[in-house]
Amino acid sequence: MAEAVDVLILSSDLDFATDRVCRELGRRGSSFLRLNRESLPALSLTLDPVAPTLRCNFEGRNWIVDNSLQSVWWRVGTFDRDISDRTLDLQTQLQRSQWSAFLRSMMVFAGAKWINHPAATYEAETKAVQLSVAREVGFDIPQTAMSNDPVAFIDFKPGTRVAFKSIDTLLLREGDTQLFGYTTLLEIEHVAVHDLRLSPATIQAPLETKLDLRVTVVGDAIWCAEVRGRGEQIEGDWRLTPKDELTYPEHVLPPGIERRCRALVARLGLVFGAIDLALANGRYWFIEINPTGEWGWLERPEWSIAATIAGELECRSISSH
Amino acid sequence: MHPLLALARRTPINERAVRPTEATYDFVSGLWYGKGGPLADNPDELPSTKKFDVETGEDQKGQ
């Protein structure tokens, strides 16, 4: 006898934040099935894409996913950025490509509530789209250019400071090391160089004195945390600050900014969104939104993001704090 | 060299380091268990993120 699945979780066994969601779903007695991309070969999985049904067997126990599925928590890859590693053997290449497509195939369960839908995630991961939609919903946006043309900045005076960053997450591998691109504040003459032609990059007006804010939206619920280093505002990319120096006190957003955050998430077709804002010169500037952003580091008893996500997956809305 | 490459921060890859030690994963409950029960119940034991990029504390952005 197969157990009917109400909530399908597509994740990684190293996505520990998903543990928190599963714990909440378990407490609520919800019928859920968590499939981790690393462990899929240990399962017996059969998808009928037309019915549609997904049958899963593990150690003699059976589950069935069908049109009664209520929701999907999508925590696996949407973009494949890991394209630089040529050392993968054939079996690994096969498994990566085919399991990835198999998981995307769960989109046949179109009647379920997706958090977030892969197609929406794909679009929302595109920084240019984010900036455009954020402006449409009323956010202030730093003046931005995405360009590979050093001549485009010829009118900038030498010494003009800019915020320089990649067009997309920059995560590269070389041998046993990885390279990660952070936002860097520097002078335009260090950016508008000949080799800029090799690849486009993002050049923005800098926010030199700013307070970093992380806004997490789940359905109608919203939380905002300041990101401080040793209690102070952080110059440049806060991710370069040692973690033991970071604190995340609550920040109360003006109602109008909250409305813009919710509107942005909705306009991008998302349910969940991790939004980075910067408070500078009395204005809330939109930096970016991450539809697959981490939130476990913000979890606390009085701010249970996990419980709210579990509530959304159960299709019951929980009001925020 | 492109300025994005010149400015990128280089760190050693150590993916295995993020795996919980002395814990096992239970498929049915979707939870890692340690000696004291689900790691999800003990914030000190459960890493807050995947931390594939050990420096940023963020994930691989949907990877």
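Here, a residue is called buried when its relative accessible area is under 20%. With that in hand, here's a quick tour of this predicted model. Chain A has six helices and 19 strands, and 51% of its 321 residues count as buried.

**Chain A overall**
- Take the contacts in chain A between residues at least 6 apart in sequence: 68% of them join residues at least 24 apart.
- Chain A exposes about 14400 Å², with carbon and sulfur atoms supplying 51% of that.

**Aromatic rings**
- Over all chains, the count comes to 12 aromatic pairs.
- One of them is Tyr248(A) with Trp297(A), an edge-to-face pair at 4.8 Å centre to centre and 70° between the planes.
- That pair links distant parts of the chain, 49 residues apart: Tyr248(A) sits in the loop between strand 17 and helix 5, and Trp297(A) in the loop between strand 19 and helix 6.
- Tyr248(A) and Trp297(A) are both buried.

**Salt bridges**
- The structure holds 26 salt bridges over all chains.
- Arg61(A) and Glu3(A) meet in one of them, at 2.6 Å N to O. Arg61(A) belongs to strand 6 and Glu3(A) to strand 1, so this bridge ties together parts 58 residues apart in sequence. Arg61(A) is partly exposed at 36% relative accessibility, and Glu3(A) is partly exposed at 30%.
- Glu294(A) and Arg75(A) form another, at 3.4 Å N to O. Glu294(A) is in the loop between strand 19 and helix 6 and Arg75(A) in the loop between strand 7 and helix 2, so the pair ties together parts 219 residues apart in sequence. Glu294(A) is buried, at 0% relative accessible area, and Arg75(A) counts as buried at 9%.
- Arg230(A) bridges to Glu245(A), with the closest N and O atoms 3.2 Å apart. Arg230(A) is exposed at 63% relative accessibility, while Glu245(A) is partly exposed at 23%.
- A network of salt bridges links Arg23(A), Glu24(A), Arg27(A), Arg28(A) and Glu314(A) with Asp41(B).

**A look at Thr53(A)**
- Thr53(A) lies in strand 5, which covers residues 53-58 of chain A.
- Thr53(A) counts as buried because its relative accessibility is 17%, and the cut-off is under 20%.
- Leaving out residues up to four places away in sequence, Thr53(A) touches several residues, among them Leu47(A), Ile64(A), Val65(A) and Phe109(A).

Methods
Residues numbered from 1 in each chain as written. Chains lettered and ligands numbered in written order. Predicted model: local features only at pLDDT ≥ 70, side-chain atom pairs only at ≥ 80, totals over all residues. Heavy atoms only, no water. Helix = DSSP H or I, 4+ residues; strand = E, 2+ residues; numbered from the N terminus. Buried < 20%, exposed > 50% of the residue type's maximum accessible area, 1.4 Å probe, protein only. Contact = heavy atoms within 4.5 Å. Areas by Shrake-Rupley, 256 points an atom, 1.4 Å probe, with all protein chains shown as cover. Phe/Tyr/Trp six-rings, centres within 6.5 Å; stacked < 30°, edge-to-face > 60°. Salt bridge = Lys/Arg side-chain N within 4 Å of Asp/Glu carboxyl O.
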